[in-house]
Amino acid sequence: MPLSELPRGGRARICALDGDRGFCTRLREIGFCETALIERIGGTQTLLCRICRTQVALGSQVARRILVDIIAA
């Protein structure tokens, strides 16, 4: 599922990045690598997420290209 569809407060593990090499490399450099845990804090057009104990804001277009697997509560 795309990160943009993860419900508010939901936790997930990143399973894949969808994009060209430069796009994926930049995401990995800021912590969005495969197997990383992520939590969606809120937002709609701009998503606020917590990854690696850091809060990061992402545009919805970017969030659609980060594929995640939900972690059961």
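Glu29 is exposed, with a relative accessible area of 57%. This description rests on a predicted model.

## The buried side of helix α1

Which residues of α1 are buried? They are Phe23, Cys24 and Leu27. These residues lie on the same side of α1 because they cover an arc of only 95° around the axis. Among the elements that cover them are β1, α2 (60-63) and β5.

The two ends of the helix also show local features. At the start of α1, a side-chain oxygen of Asp20 comes to within 3.2 Å of the backbone nitrogen of Gly22. Just after the helix, Gly31 has a positive phi of about 110°.

In soluble globular proteins, nonpolar side chains tend to be buried together. In this model, the largest nonpolar core contains 19 residues, and those with the most contacts inside it are Leu3, Ile14, Phe32, Ile38, Ile51, Ile66 and Val68. At least two residues of this core come from each of β1 (11-17), α1 (21-29), β3 (46-51), β4 (54-59) and β5 (66-70).

Phe32 illustrates the packing. Apart from its neighbours within four places in sequence, Phe32 is in contact with Ile14, Leu17, Leu27, Ile38, Ile51, Val56, Leu58 and Ile66.

## Further salt bridges

Side chains of opposite charge can pair when their charged atoms come close. The model has three salt bridges. Glu34 is partly exposed at 26% relative accessibility, and Arg28 is partly exposed at 37%.

Arg50 forms a salt bridge with Glu39, with the closest N and O atoms 3.1 Å apart. This pair links distant parts of the chain, since Arg50 is in strand β3 and Glu39 in strand β2, 11 residues apart. Arg50 is partly exposed at 34% relative accessibility, as is Glu39 at 23%.

## A buried arginine without a partner

Arg40 lies in strand β2 (residues 37-42). Arg40 is buried yet has no salt bridge. The nearest side chain of opposite charge, Glu5, is 8.7 Å away.

What does the side chain of Arg40 reach? It reaches the backbone oxygen of Ser4, at 2.8 Å. Beyond its neighbours within four places in sequence, the contacts of Arg40 include Leu3, Leu6, Pro7, Leu47 and Cys49.

Notes. Residues are numbered from 1 along each chain as its sequence is written. This is a predicted model: local features need pLDDT of at least 70, side-chain atom pairs count only at pLDDT 80 or more; totals for chains, interfaces and linings use all residues. Side-chain values use heavy atoms; hydrogens and water are left out. Helices (H or I, at least four residues) and strands (E, at least two) are DSSP runs, numbered from the N terminus. Buried means under 20% relative accessible area, exposed over 50%, partly exposed in between (1.4 Å probe, protein chains only). Lys and Arg count as positive and Asp and Glu as negative; His and the chain ends are not counted. A salt bridge is a side-chain nitrogen of Lys or Arg within 4 Å of a carboxyl oxygen of Asp or Glu. A polar contact is a pair of N or O atoms within 3.5 Å; within protein, one must be able to donate a hydrogen and the other to accept it, and residues adjacent in sequence count only if both atoms are side-chain atoms. Contact means heavy atoms within 4.5 Å. A nonpolar core is a set of buried Ala, Val, Leu, Ile, Met, Phe, Trp, Tyr and Cys residues joined through side-chain atoms within 4.5 Å. The arc is that of the directions from the helix axis to the C-beta atoms.
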